[in-house]
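Please follow the strands of this model and then its aromatic side chains, taking each in turn.

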Amino acid sequence: MIELRTAANDGDLEAWRHVRAVVLPNERVATVAEMRRSATPDQLLLLAELGGEVVGSGAAGRSDTGGRGFVAPRVLPHARRRGIGTALLRALAEQVRSRGFAEVGGSVEDPGSLAFAERFGFREVDRQVEQVRVVGREEPPVCVPGTEIVPVGVQPELWRAAYDPLALQAFSDLALDAPVEASLEQWERDWLTWPEGTFVALAGGEVIGCAGLQRDADQPDRAEHALTAVRRDWRGRGVASALKRATLAFAAANGVREVYTWTQRGNDDMRRLNEHLGYVTRAWSITVRASVDDVRQRVAARGA
């Protein structure tokens, strides 16, 4: 019998992390401390058990984009096709509905997951490409004339200064059908996980760009790129390239041997920059959306 329960204590959260790591082996998983720090009243984290074994996990809450909800049901490969994903989706959709969202989104990474999503009314609306690079001997960046690059770990106050207008411009300009929504509090709490590996570009004392890394607690020789952004009036001058090179040099000096990043389908400039710096495509992630009521009706029709 399938049993669902809330992931409440640290042991539950570690079990939740384990499922995500198995299902998405090429991505970092937030640490328990990060998960607790970013938790909100809208969020629900579930564990699915079958015969006393944790075989799945789920997440639901407010999406970062467009005033909609998100769901993320995940099932370990050996336990699929037993109704676990459907049971998780039912509970997650109810959570999203209870928070007043009419639309729900999610991401799928393989044909089987896409087929599962489509059965419940989800449709593809976007794709992101994962670009990955092996870190070798990296040269320090050459700064654009009139600029300097500073680690946030050295001047922590610069991260707050990077929010407006830099981050707000970047959120607005991302190749998405709705802008990212993140308050200053969320920016400071959730968007900076490795200050020493995060850099800002300054010109005349003002923050004009940022780029950074997110440490992988489970695989210390791997890191994910955080937001790379340049203020509109400084774009096209090489600032983004210098910032990326700063992160690569930091990675090389700190035992990181692989870095990866996700880029939206319409962000051709960033993809070309990454390719110029030696990144290669490894995978795609498909963004899907659906009506919450449609999802609930289709789940109910399957008797979950």
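E3 and E4 form a hairpin with six residues between them, and Gly66 in the turn has a positive phi of about 70°; strands here are DSSP runs of E with at least two residues and helices are runs of H or I with at least four, numbered from the N terminus. The model is predicted, so that local features need pLDDT of at least 70 and side-chain atom pairs count only at pLDDT 80 or more, while totals for chains, interfaces and linings use all residues. Residues are numbered from 1 along each chain as its sequence is written, and side-chain values use heavy atoms, with hydrogens and water left out.

Strand E3 (residues 53-62) runs antiparallel to E4 and is joined to it by seven bridges, where pairing requires that DSSP finds at least two bridges between two strands; Ser57 stands opposite Arg74 in E4. Five of the seven residues of E4 (residues 69-75) are buried, that is, under 20% relative accessible area with a 1.4 Å probe, protein chains only. E4 also runs parallel to strand E5 (residues 103-108), with two bridges between them, and Phe70 has Gly105 in E5 as its bridge partner.

Turning to the aromatic side chains, a search of the whole structure finds eight aromatic pairs, counted when ring centres of Phe, Tyr or Trp (its six-membered ring) lie within 6.5 Å. The rings of Trp159 and Trp187 are stacked, because their centres are 4.2 Å apart and their planes lie at 5°, stacked being the term for planes under 30 degrees apart, with over 60 edge-to-face and the rest tilted. Trp159 and Trp187 are both buried.

Notes:
Buried < 20%, exposed > 50% of the residue type's maximum accessible area, 1.4 Å probe, protein only.
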